[in-house]
Structures are given as C-alpha cells and as structure tokens.
Amino acid sequence: MSENKENVPKVRFPGFTDDWVERKFDSMFDRIPNNTLSRADLNYDDGQIRNVHYGDILIKYGAVTDCGKDVIPFVTGAEVSKYQGQLLQNGDVLLADAAEDETVGKVTEITGITDIPVVSGLHTIACRPMIKMQPRYLGYCMNSPSYHQQLLPLMQGIKVLSISWANLAKTNICYPTSTQEQSQIGKIFANFDNLITLHQRKLNNMKKLKAGLLQKMFPKDGEDFPEVRFPGFTNAWEQRELGEISDFITKGATPTTYGFNWEEDGIPFFRNDSLKDNRFVFGEYSYISEEASATLIRSEIRCNDILIAITGDIGKVGIVPKSIKKANINQHMAKVRILEDAYPYFVYQYLSIDEIQKKFQKIKTGLSMPQLSLEQIRNTIVNLPSREEQKKIGEFFSNLDNLITLHQRKLEHVQELKKALLQQMFV
C-alpha cells in the first residue's frame, strides 16, 4: 500500500480529500477459472448457463455488463454442474486478454446476475475482488486511461496483442477508501453511458427515418412517380443525365508545388475521406497556400457543389456546406456544379439513394483501387420533378440532415465529456 500524497485525482466530488489507496493487481484480485469455448459452442436461443466471450467485451459490452439486460449467449447443451468452479458473481471483472489492437485489456464489470448463471469464456481473464468495491467503480476505473496506460508496455505479440495474468500482476489499482466516493464515481459514469445510449438511439432513429423517406419520396427504378410526395404535385418525373443539368463535372487535383502544411494557415485541402455516410464532414485535412490553390482552379469547391468519391470508397456523395468559403479537393473526388434548372440539395439526396449507390458499384472499374470515370458520372440518370418540387424535397431533407447533425453533435459532446472525466477522475 502506498502513502504517496499525490494519490488523488485531478477532479473529484466535493467533500472528499483523503489520498486514494494503491495496491498491486494480484493483491486486489483472485483469478477465477474460465473456459475456451468458441462461438460455435454458443447460441442465443436457450440454455442453462450464459458465457461472456472476449469479442463481446471488446466490441459490444461497456464498462459494466448487466446480465439481466445485455444480450449474452448461452452455452449449447451445457449443464451447470460442469461449470461450478467458474460461476461468476456480481462485482467480478473480466478482461479481454487478446485483440488485434491496443484495446487488449478492456474490462467489463459483471452485474445483474439472477437466475441464469454466467461464466467467462475464451480469451478472458476473470477476476474477483478481494476487497469489496461499490458497484461499477472497478469497471470504469480499469477502463480509464490511467490504468490502461499501464498495460501498453506489457502487451505482447505482433499481429495479435495479448496480456497475461503475470503481466497484469505488475500493474496497480488505485481507489478511494470512501465507499460513498466509489459509489458516486460509478453513478456519474453510468449516467454518462445512459445519456450516450439515449443520444445514440435518437440518432439511429433519425437515420432510419431518413432512409425510409428516401425510399418513398423518390421513384423506384423504372417508375415516374414516387410513393409519397408533397400535396399539389402530380406530374410525372423526368429522366435526365447528370451531365445535362450540370454546369461542369470535373475532378480535383493535388498541387505539384508549394507543398502542404497542417497549421490553420491557407486554403483547406480535402481528401475523399471527408465524405462519410454520404455527408461532407470536417475530417482530417491539410492546407495549401493561396499560390498553390491558384494553380488548381478546376478543383476549387464552393457552397452547393456536389462531391462524389471516384476512387476507393466510390460513389459516396456530399454537398459543400455554406461554411466553406473557399477550398480545394484532391483527384479522388469529382465535383458537380448544378445548373439553375435543378436544385442542388435535391440532386445530392437523389445521388445518395440505394438504387444510385448500387448502380455506382455495378459500373465501377478496377479491383485493388475501384474507380468511376467522369464520363460515368456524367451519364448517371437522375429523375427530376419540377424545380419547385425539387426545392420542397431538398429543403425537407436539408432540415432532416440538420436534425441528424444536431443529434450527432450532442452524442459527441457527451462522449468527449465522459472521455475527459475518465482521464481526470482516476489516479
């Protein structure tokens, strides 16, 4: 046990001032035997006993797994008597001891065990605290950066990384002696996770709503009328080639002189990874000088230009937002500037529907580096109603996209706040 006066977190609840206790991992936990059952030995229908698989710890479960609510597979045809020495209890923590990246050592704390017993499966290390902790504290503590950073130099392997019990024994666990402080820490992070789940659900629902409306508000292949449309519009839609309704279609380019810089100085230069989920987003980008931008006139983009990925993840589309005053794109994106007889946001939404995306996949060329030609982009057929109806549909989906962005930002804000507190509320 350490008497180090620095064993206090940067951020803590009011009223708590005592130093935290520091103990070696193997003086904190007893090891519980686990099994080596593969996915083939599990099912999601029925059984006498449930099994926590390491892949679910890494991907599906959070810092706390509620066995009464989370979906945990059964061991096919197993009898509880065979696993008596492995049965988990509420408060046990499980570590994933293998992964293809540095998520090795991700932890989940077990709660909610009731009638159906639970065991720990393949590539897990099951640990039972020798010192009783308040619910959820260990799950969040052992997923905090301060603890996980201890694991990084102890990981072994090249393609697949692993962590052993012997190496875990070299790590330290810090905790407050006050059960009230432990409890409050567990509760605040559980509240964050509930908020994250709520915002994620709202975001998913908005995306599903949009996907459903895109299917109904644009005609199906070979048809001239959509299933759902705004009142007052009854005329058939007209088929036009994208090249007919565009001022020009060209691709970007990379400057051969002047170079790049990563500081916020110059003209933003976007790559095709700025197109995600058929949206133009501010991903990673560099800057080029005014002089370099001047050599790339045809790759300059402006508000309402439609962008299409023509190499790599081909067919993904986006529309340049009003916030972009001046920027350039590289050669892996094509830009489409729409003429006045069409409405840009409508055309952008039309190009994102499943039928058009599937057509892009059918006509692409190349295997290792799929690509679309500018000619294929120009020849893409777009179904158009009157410009008035285009505007109505475009504005409707623009408002829907704004709602999706709002939910996305709320989700990211809560995630970032939780991440920051995980860094500051543990020693």
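Here are some worked exercises on the helices and strands of the structure above.

The model is predicted, so to speak of local features pLDDT must be at least 70, side-chain atom pairs count only at pLDDT 80 or more, and totals for chains, interfaces and linings use all residues. Residues are numbered from 1 along each chain as its sequence is written, and side-chain values use heavy atoms, with hydrogens and water left out.

**Exercise 1. The four-strand sheet**

Task: Work out which order the strands take in the open sheet of 4 strands.

Solution:
- Start with the naming: strands (E, at least two residues) and helices (H or I, at least four) are DSSP runs, numbered from the N terminus.
- Next, the pairing rule: two strands pair if DSSP finds at least two bridges between them.
- S15 (residues 246-251) and S25 pair in the antiparallel sense over 5 bridges, and Thr250 has Lys335 of S25 as a bridge partner.
- S22 (residues 306-309) is joined to S25 by 4 bridges, again antiparallel; here Ile308 stands opposite Ala334.
- S22 also runs antiparallel to S23, with 3 bridges, and Leu307 has Gly318 of S23 as its bridge partner.
- Put together, the order is S15-S25-S22-S23. The edge strands are S15 and S23 (317-319), each pairing on one side only.

**Exercise 2. Inside strand S25**

Task: Find out how many residues of S25 are buried, and which way they point.

Solution:
- Get the cut-offs clear: buried means under 20% relative accessible area, exposed over 50%, and partly exposed in between (1.4 Å probe, protein chains only).
- Count along S25 (residues 333-338): 6 of the 6 residues are buried, so the strand is largely enclosed by the rest of the structure.
- Now the directions. In a regular strand the side chains alternate between the two faces of the sheet.
- Met333, Lys335 and Arg337 point one way from S25, while Ala334, Val336 and Ile338 point the other way.

**Exercise 3. Strand S9 and its partners**

Task: Say which strands pair with S9, and in which sense.

Solution:
- S5 (residues 64-66) runs parallel to S9, and 3 bridges join them. Thr65 has Ile110 of S9 as its bridge partner.
- S7 (residues 93-96) pairs with S9 in the antiparallel sense, over 3 bridges. Leu95 has Val107 of S9 as its bridge partner.
- As for cover, 5 of the 5 residues of S9 (residues 107-111) are buried.

**Exercise 4. Helix H8 and helix H11**

Task: Describe how H8 packs on H11.

Solution:
- Angles run from 0 to 180 degrees between N-to-C directions, and axes are lines fitted to C-alpha atoms, for helices over the stretch in contact.
- H8 (residues 344-352) and H11 (residues 387-424) pack at an angle of about 70°, with axes 7 Å apart.
- That makes H8 roughly perpendicular to H11, a label for 65 to 115 degrees (under 35 is roughly parallel, over 145 roughly antiparallel, the rest oblique).
- Contact means heavy atoms within 4.5 Å. On the H8 side, Tyr345, Phe346, Tyr348 and Gln349 meet residues of H11, among them Ile393 and Phe397.

**Exercise 5. Helix H8 and helix H9**

Task: Find where H8 and H9 touch.

Solution:
- The axes of H8 and H9 (residues 354-363) come within 5 Å and cross at roughly 65°.
- Tyr350, Leu351 and Ser352 of H8 make the contact with Asp354, Ile356, Gln357 and Phe360 of H9.
- H8 also lies across S22, S23 and S25, running at about 165° to S23.
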